[in-house]
Amino acid sequence: MGEVRVRASVVGLGYVGLVSAACLAEWGHEVVGIDADEGRLAALDEGQLPFFEPGLAELVAGVRSARRLRFAGPSPAAIGSAQVVFVAVGTHDGNGGWQTGSIRRSLAEIVPHMADDSTLVIRSTLPPDFIQSLPWLVSALRRKAGRREIPVLTNPEFTREGSAIRDYMEPDRIVMGIGFDPHGRGESMLRKIYRRASAPILVMHAADAALTKIGANLFLATKISFANELAQLCETYGADVDRVVAGMAYDPRIGPSFLRAGVGFGGSCLPHQVSMTVREASAVGLSVPLLAAVEEVNTRQRETFVERLWRASGARSGARIALLGLTFKPDTDDLREAPSLDIARALIERDAVVVAYDPMPRARVTAAATVAGLAVVDSATMALVDADAAGLVTEWREFALLDWEALGRLMRRRVVVDGRNALSPEAMRAAGFAYSAFGREGTLIAVDVGQPAGPAPLAELAEDGPVLRPALAFDAEAADTLRDVSVAASMFDREASSA
Ligand SMILES: NC(=O)c1ccc[n+]([C@@H]2O[C@H](COP(=O)([O-])OP(=O)(O)OC[C@H]3O[C@@H](n4cnc5c(N)ncnc54)[C@H](O)[C@@H]3O)[C@@H](O)[C@H]2O)c1
């Protein structure tokens, strides 16, 4: 394949823009990474990345030393020499909604200076109505500057934090949304850019592309909430959600991915797009009960986890609770919409002493600055010392590899609530732990079905070591409900007799 180098600028050097810039440079293009944040630019110039993404530091260092990537502010010079300008500025308002202020400002800054034969490509995720107005907005800016029209395309981002480089270099599909491209110049420029990627290229209207991106995220969120609903059924009927999902997954229409029960989804994309869609639908009179339920289930998962962990700790003021993991998922230091933050706040509100550890130092610092009263420590061991209970919030691999047997001796009680179904129930029990998770058979710690509602049956049971009796209910309140469910009662009898 012959060399086809393109001069590209990428505006907005966050999770999306910096990965795009580095990967484009790795493909041989000449890239200028542009950001309005001078502090970020200065740090990048010194080789410090604003966030962690596996392999990105090395990639950036490599393409910078090969002189295919440099950083600059949004100056006319940095924009005017580009054949294609990608825009990847943030579009969240920090409160579950959209903000289009950053992209409007960015477009006002860059569009007048773009070369007449260049192409504008929007990589940020934006509301579909804004996407529809984009060509007019750009056209007005060009006219005002006395410049010719330029093609306006969108190119939604499907990479996942934690595997963004591989996802970018080996995408499963490339979506090109056409906003304004009467002669196909923009499309052929994007095809040139992605020449090295062997993935299907889908060319569609910009509104289709916007909904392809949002629809994908809504579906993924739905799968997670579905798995959590299923986990609840599994808990009620004494089944194991992991085995149930494994059994379901053989049907190619279903598949195994994203059907994981736990504390629910977080991050900058899924929660935002679900809540934004629910909100905007209501504003325009649409009914979206499925998505409203997806959001509700996700919120409930966090609350359920808090309740389980609180009871597990003894449910008393001053109970010491270790939180393992702060980031919204492993292999990132991103705390945006991370379940850990809500969980820590809720436990602190109940007067627990919450001590958290995450392998990402930046996440620890940010979490401590974000959640009043949260203590962060530098190792899982430090978090677990004297803990009345531990809650696993992020499935970092190191937590599964801990010597739980030894660590259990440092805790006040050997009790773990696994919010990601990431630990082996058998191994945890063998290490002397009372273990609870989501929808896993026998992992909900038993209480007597007749026991009155009260504090921390789990903790009491755990004082003397693990209780291996299969269980139907984690707490007395749930037990009350179950008492009325004959199928549950009969399963309890059956399981108890086989224990
Ligand atoms: N993070 C993800 O995994 C992900 C995935 C898919 C899509 N997206 C979408 O991509 C977009 C960017 O997300 P992100 O997570 O990279 O955001 P981010 O907040 O990490 O980064 C945004 C960057 O844009 C810069 N910026 C803001 N205004 C600017 C301006 N006027 N000129 C130049 N730079 C400016 C900021 O300084 C910052 O560096 C959003 O629309 C988001 O919804 C993100």
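Mentor: A crossing of two helices is left-handed if the near helix is turned anticlockwise from the far one by less than a right angle, and right-handed if clockwise. This is a predicted model, in which local features need pLDDT of at least 70 and side-chain atom pairs count only at pLDDT 80 or more, while totals for chains, interfaces and linings use all residues. Residues are numbered from 1 along each chain as its sequence is written.

Trainee: In which sense does H11 pass H12?

Mentor: H11 passes H12 in a left-handed crossing. Helices (H or I, at least four residues) and strands (E, at least two) are DSSP runs, numbered from the N terminus.

Trainee: At what angle do helix H11 (residues 270-283) and H12 pack, and how far apart are their axes?

Mentor: Two packed helices are described by the angle between their axes and the distance between the axes. Here the angle between H11 and H12 is about 135°, and their axes are 9 Å apart; the axes are lines fitted to C-alpha atoms, for helices over the stretch in contact, with angles from 0 to 180 degrees between N-to-C directions. This makes H11 oblique to H12, since angles under 35 degrees count as roughly parallel, over 145 as roughly antiparallel, 65 to 115 as roughly perpendicular and the rest as oblique.

Trainee: Which residues of H11 and H12 meet, and how do they divide by class?

Mentor: On the H11 side they are Val274, Ser275, Thr277 and Val278, and on the H12 side Leu291, Ala292, Val294 and Glu295, a contact being a pair of C-beta atoms, placed from the backbone, within 7 Å. The contact of H11 with H12 has five nonpolar, two polar and one charged residues, where Ala, Val, Leu, Ile, Met, Phe, Trp, Tyr, Cys and Pro are nonpolar, Asp, Glu, Lys and Arg charged, and the others, Gly among them, polar.

Trainee: How does helix H9 (residues 206-237) lie against helix H12 (residues 289-312)?

Mentor: Their axes come within 9 Å and cross at roughly 55°, and H9 and H12 are therefore oblique to each other. H9 also passes H12 in a left-handed crossing. From H9 the contact takes Leu218, Ala221, Thr222, Ser225, Asn228 and Glu229, and from H12 it takes Leu290, Leu291, Val294, Val297, Asn298 and Gln301. By class, the contact of H9 with H12 holds six nonpolar, five polar and one charged residues.

Trainee: What can be said of helix H1 (residues 15-26) and helix H3 (residues 56-65)?

Mentor: The axes of H1 and H3 come within 9 Å and cross at roughly 50°, which makes H1 oblique to H3. In this left-handed crossing, Leu18, Val19, Ala22, Ala25 and Glu26 of H1 face Leu56, Leu59, Val60 and Val63 of H3 across the contact. The residues of the contact of H1 with H3 are eight nonpolar, no polar and one charged.

Trainee: Turning to the sheets, in what order do the eight strands of the open sheet stand?

Mentor: Strands pair if DSSP finds at least two bridges between them. The order is E3-E2-E1-E4-E5-E6-E7-E8, with mixed pairing. Strand E3 (69-72) and strand E8 (201-205) are at the edges with a single partner strand each, so one side of each has no neighbour in the sheet. On average, neighbouring strands of this sheet are turned by 25° against each other, direction ignored. Strand E7 (residues 174-180) pairs with E8 in the parallel sense over five bridges, and Ile178 has His205 in E8 as its bridge partner. H9 lies across strand E6 (152-154), E7 and E8, running at about 140° to E7.

Trainee: And what is the order of the six strands in the open sheet with parallel pairing?

Mentor: They follow the order E11-E10-E9-E12-E13-E14, and the edge strands are strand E11 (375-376) and strand E14 (434-436), each pairing on one side only. H12 packs on this sheet, touching strand E9 (320-324), strand E12 (389-392), strand E13 (415-418) and E14, and its direction makes about 175° with that of E13.

Trainee: Which residues come nearest to the ligand?

Mentor: Of the 26 residues around the ligand (C-beta atom, placed from the backbone, within 6 Å), Gly12, Gly14, Val16, Gly90 and Ser124 come nearest. H1 and helix H5 (101-110) are the elements that give two or more residues to this shell. The shell divides into 10 nonpolar, 10 polar and six charged residues.

Technical notes: Two residues are in contact if their C-beta atoms, placed from the backbone, lie within 7 Å.
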